[in-house]
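Here is a short briefing on a structure. Look at the sequence and the model first, then read the points below.

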Amino acid sequence: MSFYDIYQEAKNIDFEQHWQSVTDNDILRILTKERLDAADYLTLLSPRAADFLEPMAQRAHRLTVQHFGHTMLLYTPMYLANHCANHCLYCSFSALNKLKRKKLSLAQVEEEAKAIAATGLKHILILTGESPAHSPVSYIADCVGVLKKYFDSISIEVYPLSTEEYAQLVAVGVDGLTIYQEVYDEEMYKHLHPRGPKRDYRYRLDAPERGCKAKMRTVNVGALLGLEDWRKEAFFTGLHADYLQNKYLDTEIGISVPRIRPNVGGFSPKVDVTDRHLVQIILAYRLFMPRAGIAVSTRERAELRNHLIKLGVTKMSAGVTTEVGGHSEKDSAEGTGQFEISDNRGVDEIKQMLLSQGYQPVFKDWQCIDGEMPGESV
Amino acid sequence: MPNNDKLIIGGQEIGNRFFTGTGKHASNAIIPQIVEHSGIEVITVALRRVDLSSPQENILNYIPKQVKLLPNTSGARNAQEAVRIARLARATGCGNWIKIEVISDNKYLLPDNYETVKATEILAKEGFVVLPYVSPDLMVAKALVDAGAAAVMPLGAPIGTNKGLQTKELIRILIDEIKLPIIVDAGIGRPSEAAEAMEMGAAAVLANTAVATAKDPVLMARAFCQAVEAGRKAYLAGLGPTRDVADASSPLTGFLD
């Protein structure tokens with residue numbers, strides 16, 4: 001049993017019929033329920049529910065404050081390399097694109113770490129392009145060894161690994177995994193990934209579960225919004241998160257809601273996911289999974305991110321560059337980025353913005369506790 | 001109230017029986033205000049949030065010196081992690097009190113009693129004053145006594161729910177049977193619920209979400225302190241018995257005299 005079995009069943013739902021049958025009363029009834037099931041979640045993603053964004057927002061805000069308080073975890077991504085073996089049609093890193101390819105040495109990783117640590121951030125997300133040849137697990141582990149001196153929590157967003165490989169990284173100090181399915185629709189997935197190891201839909205789909213089995217503390221899933229019908233993609237993402245949360249109770253499950261951004265390949269999204277759509281996804285997800293994390297990246301513009309804070313978001317990136325080496329060598333690294341960001345604010349600006357909204361920016365929410373401690377005898 | 005009605009934990013007297021936490025506040029700067037206006041003496045802090053390297057972000061800098069620090073092992077998923085966090089807390093200068101939180105359920109945030117007992121046993125032997133957070137269970141509480149716990153902290157309802165004393169009957173059994181202080185922790189949403197726990201004989205109450213998410217956290221903390229004090233006085237005073245029917249003014253069996 002894996003999420004693939006659930007996807008196989010869920011994809012046969014008559015989505016249009018369900019959404020057309022939704023009444024205002026259905027939505028009002030769901031808004032009074034204490035626990036929502038998958039059918040309720042699907043209903044909240046319906047076109048009719050779009051007329052109920054305000055009451056959904058009020059409830060989402062209350063639930064988020066109840067479970068997370070007036071706090072926001074801040075983190076930033078660090079790109080280690082942009083070499084990639086895949087031909088994804090929508091990504092700048094695709095092997096098809098002419099891009100300045102780069103991989104940081106351990107000394108450069110340390111320079112990046114120093115630059116980020118100087119901003120006060122303690123949580124970091126390290127990324128590579130999907131090239132096991134250029135960025136093998138041993139390289140990622142070596143980088144973690146350097147980064148541990150500067151950060152309390154290290155997450156990875158890299159190509160899908162085996163359970164054993166994830167466990168290797170957990171053993172050296174990685175505590176979080178982010179891996180997006182990109183698109184849950186299996187046919188579209190094949191279309192968008194014409195060549196490369198990423199073409200293996202099932203191996204990618206099961207990667208978050210392998211991360212849970214390897215004892216990652218946090219696992220984050222998501223669909224790249226714009227590649228397919230967002231209502232269905234958001235539904236499958238929520239089902240995936242729910243499946244993982246129910247099966248791996250000791251792992252903190254979260255989702256991200258990335259919208260596709262301009263990229264080197266010039267790919268145009270198939271579906272326009274508007275701000276209203278994004279808000280509906282976030283609200284529906286918060287009501288469905290009150291305790292799950294929701295991350296919003298700098299793919300979204302500053303003004304929108306400011307407004308999303310009170311709608312259920314619990315994690316935000318700050319001081320972001322998608323360039324390899326972009327934190328410490330801004331000039332020389334240009335042209336190696338994955339996508340254009342929309343919110344260029346530095347960590348201090350994000351911090352001040354959160355404070356002005358009555359939120360506490362949280363720089364540290366976990367501390368890697370591996371390694372030797374005197375007198376230990378558990 | 002008798003002058004000698006003091007709560008003693010780990011050899012230390014605690015006058016104010018309402019404990020609170022530091023999580024979920026919009027700003028750490030509110031913590032000194034809460035202490036100043038409510039006289040709170042014990043505050044729990046998640047070591048996962050303590051950032052010693054940054055004076056501005058270090059939550060410990062916001063906790064007044066006269067307050068007893070109760071670091072907790074929030075984030076621990078098993079006994080081993082809880083033990084390591086406790087040791088880190090002590091090494092960090094947070095003292096030797098530790099609230100054991102072992103939670104391996106991220107859906108409801110229910111404590112893992114089995115792992116909690118294991119962690120308590122190890123840490124008590126190492127000289128910690130251990131306050132374990134548990135689901136109320138008599139056998140577990142007895143095991144915690146044997147393991148060397150300084151108090152037992154049963155939940156009133158799952159963390160953050162503000163649903164009150166849902167586990168009332170089980171907590172009542174712990175109060176009756178366990179000779180350690182029983183501190184009701186988690187789920188308490190209203191001062192009246194805190195008062196009810198105290199009327200039952202709880203030694204203290206800890207609430208964080210109810211304070212941190214109130215419109216006026218400082219005022220809410222005061223309200224909790226007053227409710228806890230009132231509940232304690234009621235307990236000491238001895239509550240009158242409850243009756244199913246009113247006392248009959250004309251007894252029906254009077255003719256038997």
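At what angle do helix α1 (residues 30–38) of chain B and helix α8 (residues 217–237) of chain B pack, and how far apart are their axes? The angle is about 35°, and the axes are 9 Å apart. Axes here are lines fitted to C-alpha atoms, for helices over the stretch in contact, and angles run from 0 to 180 degrees between N-to-C directions. Helices (H or I, at least four residues) and strands (E, at least two) are DSSP runs, numbered from the N terminus.

This is a predicted model, in which local features need pLDDT of at least 70, side-chain atom pairs count only at pLDDT 80 or more, and totals for chains, interfaces and linings use all residues. Residues are numbered from 1 along each chain as its sequence is written, chains are lettered from A and ligands numbered from 1 in the order in which they are written, and side-chain values use heavy atoms, with hydrogens and water left out.

**Helix α1 against helix α8 in chain B**

- The crossing of α1(B) and α8(B) is right-handed. A crossing is left-handed if the near helix is turned anticlockwise from the far one by less than a right angle, and right-handed if clockwise.
- From α1(B), the residues B:I30, B:Q33, B:I34, B:H37 and B:S38 take part. They meet B:P217, B:V218, B:A221, B:R222 and B:C225 of α8(B). Contact means heavy atoms within 4.5 Å.
- By class, this contact of α1(B) with α8(B) has 6 nonpolar, 3 polar and 1 charged residues. Ala, Val, Leu, Ile, Met, Phe, Trp, Tyr, Cys and Pro count as nonpolar, Asp, Glu, Lys and Arg as charged, and the others, Gly among them, as polar.

**Helix α3 against helix α4 in chain B**

- The axes of α3(B) and α4(B) come within 9 Å and cross at roughly 15°. That makes α3(B) roughly parallel to α4(B). Angles under 35 degrees count as roughly parallel, over 145 as roughly antiparallel, 65 to 115 as roughly perpendicular and the rest as oblique.
- α3(B) and α4(B) cross in a right-handed way.
- On the α3(B) side are B:N113, B:T116, B:V117, B:T120, B:E121 and B:A124. They meet B:V140, B:A143, B:L144 and B:A147 in α4(B).
- The residues of the contact of α3(B) with α4(B) divide into 6 nonpolar, 3 polar and 1 charged.

**Helix α7 against helix α8 in chain A**

- Helix α7 (residues 137–147) and helix α8 (residues 163–172) of chain A have axes that come within 9 Å and cross at roughly 15°. That makes α7(A) roughly parallel to α8(A).
- α7(A) passes α8(A) in a right-handed crossing.
- A:V137, A:I140, A:A141 and A:V144 of α7(A) make the contact with A:E165, A:Q168, A:L169 and A:V172 of α8(A).
- By class, the contact of α7(A) with α8(A) has 6 nonpolar, 1 polar and 1 charged residues.

**The buried face of α5 in chain B**

- In helix α5 (residues 168–177) of chain B, the residues B:I171, B:L174 and B:I175 are buried. Buried means under 20% relative accessible area, exposed over 50%, partly exposed in between (1.4 Å probe, protein chains only).
- Seen down the axis of α5(B), the buried residues fall within an arc of 100°, so they line one face of the helix. The arc is that of the directions from the helix axis to the C-beta atoms.
- These buried residues of α5(B) pack against α4 (138–147), β8 (153–154), β9 (183–185) and α6 (191–200) of chain B.

**Buried residues in chain B**

- B:E115 is found in helix α3 (residues 113–125). B:E115 counts as buried, at 13% relative accessibility. Not counting residues up to four places away in sequence, B:E115 touches B:N78, B:A79 and B:V102.
- B:G21 is found in strand β3 (residues 18–21). B:G21 is buried, at 5% relative accessibility. Leaving aside neighbours within four places in sequence, B:G21 is in contact with B:I43, B:T44, B:A207 and B:N208.

**Positive phi**

- Most residues other than glycine have a negative phi.
- A:E182 has a positive phi of about 70° although it is not a glycine. A:E182 is found in the loop between β4 (174–178) and α9 (186–192) of chain A.
- B:A186 has a positive phi too, near 85°. B:A186 lies in the loop between β9 and α6 of chain B.
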